[in-house]
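I have opened my notebook and will jot down what I look up as I go. Follow along with the sequence and the structure beside you.

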Amino acid sequence: MTLKTVYNQSHRDLGAKMVDFGGWDMPIHYGSQIEEHHAVRRDAGMFDVSHMTVIDLHGEGARAYLRKLIANSVEKLKVSGKALYSCMLNERGGVIDDLIVYYLNDSFYRVVVNASTRDKDLAWMQAQASGFDVSLEERADLAMVAVQGPNARAKALSLLSPEAAGPVGALGKFMACDADGLFIARTGYTGEDGFEIMVPEDRAVAFWNRLLGAGVRPCGLGARDTLRLEAGMALYGQDMDETVSPFEAGLAWTVALDEGRDFIGRAVLEQQLADGSARQMIGVVMDEKGVLRHGQAVFAQCGPGEILSGTFSPSLSKAIALARVPAGDVGAVEVDIRGKRHPLRVVKYPFVRDGKAQPGV
Amino acid sequence: MSEIPGDLKFLKSHEWARVEDSGHVTVGISEHAQSLLGDLVYVELPAVGDRITSGGAAAVVESVKAASDVYSPLSGTVTSVNEALNDKPETINEDAYGEGWIFTLAIDDADQLNDLLSPDDYAALIEDDGH
């Protein structure tokens with residue numbers, strides 16, 4: 001079975017090349033992935049991300065439930081509309097999925113998880129809910145559009161009523177609010193400013209068309225992938241999975257080992273911290289010609305590893321990647337491409353931020 | 001679907017061959033192949049003098065999305081390579097049957113040309129792919 005978002009016909013009308021993406025029929029590009037990438041870095045682009053799974057949590061026990069369910073701490077969420085990025089772990093400290101949770105009020109949180117992990121996420125979240133006063137409601141009735149780029153906010157705001165444009169324009173980063181019947185969050189997956197906007201399905205196509213009219217370029221999942229990797233953002237299934245802890249995926253910053261909170265997987269994470277056994281994620285660039293890709297073998301001083309997410313970076317015109325290697329001194333790193341070794345440079349990521357190459361990249 | 005030049009012969013795997021007046025054969029990938037790959041960012045060329053067998057991997061084209069072997073439609077010896085692709089791999093996207101050629105061969109056996117698909121047969125093949 002092929003799943004389709006409410007925008008399926010819109011994509012086809014725009015000449016998109018459609019591909020299967022975890023069972024969803026989605027646009028990979030509308031002509032040129034690289035031009036779409038640049039549109040987001042330089043102006044404004046939009047992505048249909050309606051395939052992602054939105055789950056509302058209702059009930060007095062929602063906070064207590066989330067304290068157990070995820071590795072980051074919902075205690076950081078003090079203001080209505082605030083968002084938090086976190087991993088949801090299994091008992092072995094492995095990542096079941098990464099997600100964003102929005103705090104709306106003490107008995108209402110909204111969680112967004114990946115599309116490809118929907119079924120197992122829902123089953124896991126439902127199973128963990130027993131004993132808590134919380135109910136899960138999947139919001140398949142909401143479409144979602146990410147509008148991203150230096151001019152994205154201004155273009156999106158121009159479509160809102162004056163009453164809505166004020167508060168939405170004043171949203172801080174990683175904050176969300178309801179406006180004009182939309183749920184608008186200042187979040188994204190590109191390293192650019194912008195919004196992720198949830199739209200009721202019956203208004204979704206009209207809203208998309210208004211964004212088009214405002215000069216926002218439609219962009220496919222291809223550009224979304226190069227943009228997020230330049231921004232150093234991990235992709236579930238490629239950079240981490242159930243056999244990888246957040247420490248091993250460069251996501252230590254999303255783990256809160258706060259006093260007295262017994263979240264699932266915590267014991268394993270503490271063990272990894274204590275014995276220093278966690279593998280490490282590194283950012284690499286290749287100055288020679290060629291493209292780094294998922295699964296290529298890498299060789300570091302600390303031992304062999306592999307390329308996780310790798311691509312040709314349109315902003316930098318060279319290959320960039322995230323790689324996982326054993327614990328220890330990384331030293332000089334090489335990659336094997338079709339049987340030939342090529343030197344890599346280890347760099348801090350993000351590779352690109354606010355449209356610019358980062359120092360040393 | 002853009003016109004396929006009538007003087008080309010094809011492999012099922014989307015490579016084309018053209019016999020030049022000099023008798024050498026120019027090889028590239030089809031318009032259909034470049035559109036499947038998307039924006040090309042790297043081409044690994046063979047070396048002049050390399051011996052190549054028909055159906056064997058002779059070059060690699062890489063787009064943002066994927067790396068793909070380019071198989072040689074014919075056996076022979078590489079006589080020239082399109083160095084311009086080193087700096088402008090996107091030339092293949094822009095002109096797959098012209099400026100986007102990849103290498104030329106001195107072929108071993110002209111009879112091998114009879115094993116290749118005509119433009120019409122190739123067009124029919126990619127038409128079927130679309131369904």
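Predicted model: local features only at pLDDT ≥ 70, side-chain atom pairs only at ≥ 80, totals over all residues.

Entry 1: I began in chain B, where strand 1 and strand 2 form a hairpin with 4 residues between them. In the turn I found His14(B), which has a positive phi of about 80°.

I then looked up how the two strands pair. Strand 1 of chain B and strand 2 (residues 15–19) of chain B run antiparallel and are joined by 2 bridges. Across from Phe10(B) I see Trp16(B), which lies in strand 2 of chain B.

**Entry 2: the next hairpin.** How many bridges pair strand 2 of chain B with strand 3 of chain B? I found 5 bridges, in the antiparallel sense, with strand 3 covering residues 25–29. Glu15(B) has Ile29(B), in strand 3 of chain B, as its bridge partner. These two strands make a hairpin with 5 residues between them, and here Gly23(B) takes a positive phi near 95°.

Entry 3: In chain B I traced an open sheet of 6 strands in the order 1-2-3-9-8-5, with antiparallel pairing. Why is one side of strand 1 and of strand 5 of chain B left without a neighbour in the sheet? Strand 1 (9–10) and strand 5 (51–52) stand at the edges and each has a single partner strand, so one side of each has no neighbour there.

Strand 5 of chain B is joined to strand 8 (residues 76–81) of chain B by 2 bridges, and the two run antiparallel. Arg51(B) stands opposite Thr77(B) of strand 8.

**Entry 4: where the chains meet.** I looked up which residues take part in the contact: 12 come from chain A and 8 from chain B. On the chain A side, helix 2 (33–42), helix 8 (221–230) and strand 16 (303–313) each supply at least two residues. By class, that side of chain A has 3 nonpolar, 7 polar and 2 charged residues.

**Entry 5: the largest nonpolar core.** Which of its 137 residues touch the most other members? I noted Val101(A), Val145(A) and Val147(A). Strand 6 (residues 95–105) of chain A gives the largest share of this core, 8 residues.

Notes:
Residues numbered from 1 in each chain as written. Chains lettered and ligands numbered in written order. Pairing = 2+ DSSP bridges. Contact = placed C-beta atoms within 7 Å. Nonpolar A, V, L, I, M, F, W, Y, C, P; charged D, E, K, R; others polar. Core = buried A, V, L, I, M, F, W, Y, C linked by C-beta atoms within 7 Å. Buried ≥ 20, exposed ≤ 12 C-beta atoms within 10 Å, placed from the backbone.
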